[in-house]
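Dear colleague,

I am handing over the structure below, and after it you will find a short account of what was found in it. Please read the account with the structure open beside you.

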Amino acid sequence: MKINVKHVAKLANLPISKEEEKKLESQLSEILDYVEKLNSVITKGVEITSQITGLENVVREDKTESCLTQKEALSNAKNTHDGLYKVKKIL
Amino acid sequence: MNYSAYSIHKLREGLKKKDFPSEDIVKDCLDRIKISKLNAFITICETEAIKKAKEADKKIKDGVDLPLLGIPISAKDIYLTRNIRTTAASRVLNRYIPQYSATVIERLEKAGAIIIGKTNCDAWAHGSSGENSDYGPTENPYLKGYVPGGSSSGSAVSVAANMCLVSMGTDTGGSIRLPASFCNVVGLKPTYGRVSRYGVISMASSLDSIGHFTKNVDDSALVLSITAGKDKNDATTPEIEVDNYKNYLTKDIKEVKIGLPREYFSDGLDKRVKEKIENEVKILEAKGARIEQISLPNTEYGITCYYIVQPAEVSSNLARYDGLRYGNDRAHFGNEAKRRIMLGSYVLSSGYYDAYYKKAMQVRTLIKKDFDEAFKKVDVIIAPVSPTLPWKIGEKTQDPLSMYLSDIYTVNVNLAGIPGLSVPIGLIEGLPVGLQILGPHFSEGKLFQVGKAIERPKI
């Protein structure tokens with residue numbers, strides 16, 4: 001199985017060097033070949049399991065509670081402006 | 001005096017009788033951490049821990065009685081700790097100071113525990129050996145040059161090398177049970193949802209289990225009685241009442257039905273490990289347990305299923321690290337995280353979702369059903385933790401697939417969401433070996449009961 005590393009890296013927003021691209025291509029192919037094994041399992045009509053708790057639609061009362069202050073929330077950001085996160089133009 | 005070589009129970013007794021103060025215990029642990037070359041810690045909370053110990057001593061003097069009052073503990077560096085740097089052992093978070101603590105940390109501190117430091121681990125909990133940390137590998141305390149197992153490497157070592165009494169770890173595919181087995185300590189992976197994940201950096205959200213390392217089974221039961229239970233901040237913690245685990249510690253194992261799954265004892269297992277487990281099983285039989293051979297037919301698909309589901313969830317969880325709100329940008333991810341983000345993004349991408357992710361979720365159902373069926377016949381299952389003994393540092397780092405395969409006996413437990421307790425059963429050529437006891441959902445009490453029957457009194 002060959003994987004288009006460049007395309008997937010773009011989907012994952014992951015900067016990858018040329019060297020890494022080559023290495024990942026062979027390592028990921030090896031792993032994907034291995035997981036091909038799953039094709040031998042017959043799963044026709046088998047339900048999926050995405051989680052095992054059996055819990056569904058867990059909700060809480062719609063009540064405001066104490067939360068971080070604006071200053072606390074921004075305390076780990078490298079770039080802020082007037083109490084907001086500062087990001088590069090995206091449009 | 002080596003206070004930290006004792007159990008929590010013994011230390012609490014001594015503290016209550018004023019035989020020694022908490023300050024001495026904490027300083028003894030700190031000294032051990034500072035002279036150690038095992039690289040078990042990323043951050044040491046020296047000043048704060050000594051201050052807390054002094055406060056604990058004052059409370060003890062005033063007659064305050066809390067289950068962990070004055071007891072030093074550590075936490076894997078993916079537990080958020082308010083005002084204490086939390087790195088996930090990754091350069092992405094090398095300067096991240098959390099504004100709040102994980103629910104579990106709050107519960108332990110409320111019970112009187114003192115955080116002595118944050119332990120090293122495979123970055124983002126990705127790994128089976130403890131080598132994949134941006135802060136350098138952790139070493140096995142039993143034999144120089146060997147891995148301690150991962151990903152909760154530093155946590156296992158911190159308890160094994162008497163640097164604290166308890167360490168909190170996480171187990172997504174074996175990351176508590178494997179290092180516990182490699183370091184001769186008791187490691188518990190509770191039922192998925194039994195312990196809150198709130199404030200623990202997510203790896204694979206449908207698999208992540210919050211557990212701990214201790215020196216013995218009694219201490220493991222005590223810690224779970226503090227950490228377990230509903231948390232309004234984690235929607236996957238059910239309203240199921242927390243068992244009184246202490247009651248199981250004095251029960252014998254007469255008539256307890258123990259299953260041995262044949263798929264876990266096949267050719268891939270190191271013969272010496274197999275013999276050691278079989279020997280333990282004989283002892284249990286002599287104590288009155290009923291042993292049955294069972295089968296978990298879909299076992300062999302576990303690792304493949306896991307290495308689709310887990311990277312898929314990893315790629316989604318690690319998408320939040322954009323370097324804008326906290327941390328450094330995505331170029332700072334290490335090789336293993338990059339590999340898993342790529343693998344996960346690929347199996348979830350358009351055109352491949354059904355073939356990989358959906359298929360894996362169906363196989364997950366089959367694996368879970370295997371356990372459901374088995375637990376209709378037996379109370380618990382005994383199995384090896386790792387197919388091999390601890391390996392040499394560097395041996396598998398260039399071959400990701402062979403590293404992944406070391407989780408072959410542990411991942412199915414996470415896919416099924418059941419609990420597992422890793423208990424030490426001795427050494428082979430100087431390297432520790434453990435076995436795991438598995439039970440149905442929320443059967444932790446039973447695991448402690450059987451664990452007690454296996455454990456040799458060390459302390």
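In strand β10(B), S422(B) is the bridge partner of G187(B). This is a predicted model, in which local features need pLDDT of at least 70 and side-chain atom pairs count only at pLDDT 80 or more, while totals for chains, interfaces and linings use all residues. Residues are numbered from 1 along each chain as its sequence is written, and chains are lettered from A and ligands numbered from 1 in the order in which they are written.

Strand β5 (residues 186–189) and strand β10 (residues 420–428) of chain B pair in the antiparallel sense over three bridges; two strands pair if DSSP finds at least two bridges between them. Helices (H or I, at least four residues) and strands (E, at least two) are DSSP runs, numbered from the N terminus. Both strands belong to an open sheet of 11 strands in chain B, with mixed pairing and the order β1-β3-β2-β4-β6-β5-β10-β11-β9-β7-β8. Its edge strands, each of which pairs on one side only, are β1 (41–44) and β8 (290–294) of chain B.

Helix α3 (residues 46–61) of chain B lies across β1, β2 (72–76) and β3 (114–119) of chain B, and runs at about 155° to β3(B). Axes are lines fitted to C-alpha atoms, for helices over the stretch in contact, and angles run from 0 to 180 degrees between N-to-C directions.

Elsewhere, the axes of helix α9 (residues 302–317) and helix α10 (residues 335–348) of chain B come within 7 Å and cross at roughly 100°. The two helices, α9(B) and α10(B), are therefore roughly perpendicular to each other (65 to 115 degrees).

The largest nonpolar core has 156 residues, and among the members that touch the most others are I114(B), I116(B) and I308(B). Such a core is a set of buried Ala, Val, Leu, Ile, Met, Phe, Trp, Tyr and Cys residues joined through C-beta atoms within 7 Å. The largest share of this core, nine residues, comes from helix α11 (residues 354–377) of chain B.

Leaving aside neighbours within four places in sequence, L30(B) is in contact (C-beta atoms within 7 Å) with E46(B), A49(B) and I116(B).

With best wishes

Key. A residue is buried if 20 or more other C-beta atoms lie within 10 Å of its own, exposed if 12 or fewer, and partly exposed in between; C-beta atoms are placed from the backbone. Two residues are in contact if their C-beta atoms, placed from the backbone, lie within 7 Å. Angles under 35 degrees count as roughly parallel, over 145 as roughly antiparallel, 65 to 115 as roughly perpendicular and the rest as oblique.
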